[in-house]
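The sequence and structure come first.

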Amino acid sequence: MQPEAILNITAPIRHTARLTPDAVAIVRADDSIITYGMLDRAIDRMAGHAANLGLRAGDVAGVAIQNETTPLILALGLARMGALSAEPSLPAEQMKLCFQFGQRANPGQVRFDDSWIEPAAGSKAASPRTIHGDPLALCRIFSSSGTTGTAKHIPVSHELMMRRVYSRWLCQGGGPLTRMIAVGLGIGWGFTTVLVTLWQGGTLVQFNRPEAVEAMRRHRVNVLVTSPSTLKTLAEMRPPGQGPLPDLMAIEAGGSNLPDLVRRAAADRLCRNVIVHAGACEAGGTASGPADALDGRPDAAGFVWPDVEMQAVSADHVPLPPGTEGILRVRSAMVAPGYYRDDVATAESFRDGWFYPGDIGTVWPDGVLCLNGRNADLINVGGDKISPQRIETGLLAIPGVSDAAAFGVPDGVGLTRVWAAITSGAPIEDAVLDAFCGTLPSHMAPQIVLQLEDLPRNENGKIRREALVDLALQLSQPARQAEPA
């Protein structure tokens, strides 16, 4: 008899379930626990439900995971049977069906809830389900962050996901740990971190924002994975002067640049070991490093991982000398083959074995990666390309400013003007903002600085600049109507 195939992302979970079935795999938001034995059986049940609905190996089903554990288990169940999950933003015609968790389903959707992971009343224990073992089969189609308003879809096979998990293991280390993941579990970074945790035999503590800090203390969380914007909120939940949480060994922050004020607050109130993390759904992780070791390196995103090749190149794809700012590209065994059923987008971003994430940055001789902004975010003012990140760094240096974004807004005659938006605990005086703008070259200085309660961000923590542009256009509409023809 042939041994059971192991090239499936759920196989290591079954292995741990056999070795330590009573070990805690997941702590849910209500403090109920799912052991590894329970988790393995729940994954089997989800695979059974999917099969009963007519899903087969290779079929695509929409599942929005977010921060819920039951949709996560459904996605694992689909992977176990050889089907695959996708974000519901994938075009409907490319999915066989779409699941809706915990609420009334829309027409054409299948509603499911927590009862799907429980054994049926009076049912006998079933034999473990056979694990689909094709390493090249897709396990999930991820969606890009969609900060431009148009999401792209990235297919990842079981083999590719395994390479990403092992790379993360190699470059960031750690044994069986208790993790809280405060980014979407359905995005590339979140899903990979789930697998790292479960493959190590660790414990995943469900993220629930209002109770997150207390849950970290109560369940002795060792690692917090989060975006800078969420980290800021969590640091503010813990009063100053109490010191870091005793069991928290590391905070991994990624998705966008980590402001120095947020890093310092997190180090004082949550954990002194703050690690910055860079990557892309299309390429997996690319760089990481302790924020303290990178102090004084503006826009540093970490040290490029040893199994990753990163270059800054010119507009015509010529590699630039180390330490020179340019268009970034990455090559590694973790890069996806392209976008799902989108040859045009694939040709734009995947070239000659390299992936171009759309970032502008620098790779220094010592391996430090600095991200200086996204090419798509550059503000074109009369032909001058302005990095919003440089304006944002200045705004964040103003006492009281906790978050900032700069963006370009077309005016009534077709020219682009620089605007900015900030958040703060108390309103910032106009004179202070005017003084800051006066320190910038005239073409870089924001024409208007909006003061908002929060900046719009996606579940990966990246600023949704298109939402800010829409807000600016709404606010400027009366003025436009008053302009003479």
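## Terms and source

A residue is called buried under 20% relative accessible area, exposed over 50%, and partly exposed in between, with a 1.4 Å probe and protein chains only. The model is predicted: local features need pLDDT of at least 70, side-chain atom pairs count only at pLDDT 80 or more, and totals for chains, interfaces and linings use all residues. Residues are numbered from 1 along each chain as its sequence is written, and side-chain values use heavy atoms, leaving out hydrogens and water.

## Overall dimensions

The protein contains 12 helices and 26 strands; these are DSSP runs numbered from the N terminus, with helices being H or I of at least four residues and strands E of at least two. The C-alpha trace spans about 75 × 55 × 50 Å along its principal axes. The radius of gyration, taken over C-alpha atoms, is compared with a globule rule of 2.2 Å times the number of residues to the power 0.38. For 485 residues a compact globule would come near 23 Å, and the protein agrees, at 23 Å.

Of the 485 residues, 53% count as buried. A contact means heavy atoms within 4.5 Å; among contacts between residues at least 6 apart in sequence, 64% join residues at least 24 apart.

## Strand 20

Five of the five residues of strand 20 (residues 359-363) are buried, so this strand is largely enclosed by the rest of the structure. In a regular strand, side chains alternate between the two faces of the sheet. Here both faces are covered: Asp-359, Gly-361 and Val-363 are buried on one side, Ile-360 and Thr-362 on the other.

Strands count as paired if DSSP finds at least two bridges between them. Strand 20 pairs with strand 17 (residues 326-332) in the antiparallel sense over two bridges, and Gly-361 is the bridge partner of Gly-326. Strand 21 (residues 368-374) also runs antiparallel to strand 20, joined by five bridges; one partner pair is Val-363 and Leu-369. Four residues lie between the strands of this hairpin, where Gly-367 has a positive phi near 90°.

Most residues other than glycine have a negative phi. Arg-220 sits in the loop between helix 6 (212-218) and strand 11 (223-226), and its 55% relative accessibility makes it exposed.

Arg-341 has a positive phi of about 50°. The loop between strand 17 and helix 9 (343-349) holds Arg-341, which is exposed at a relative accessible area of 60%.
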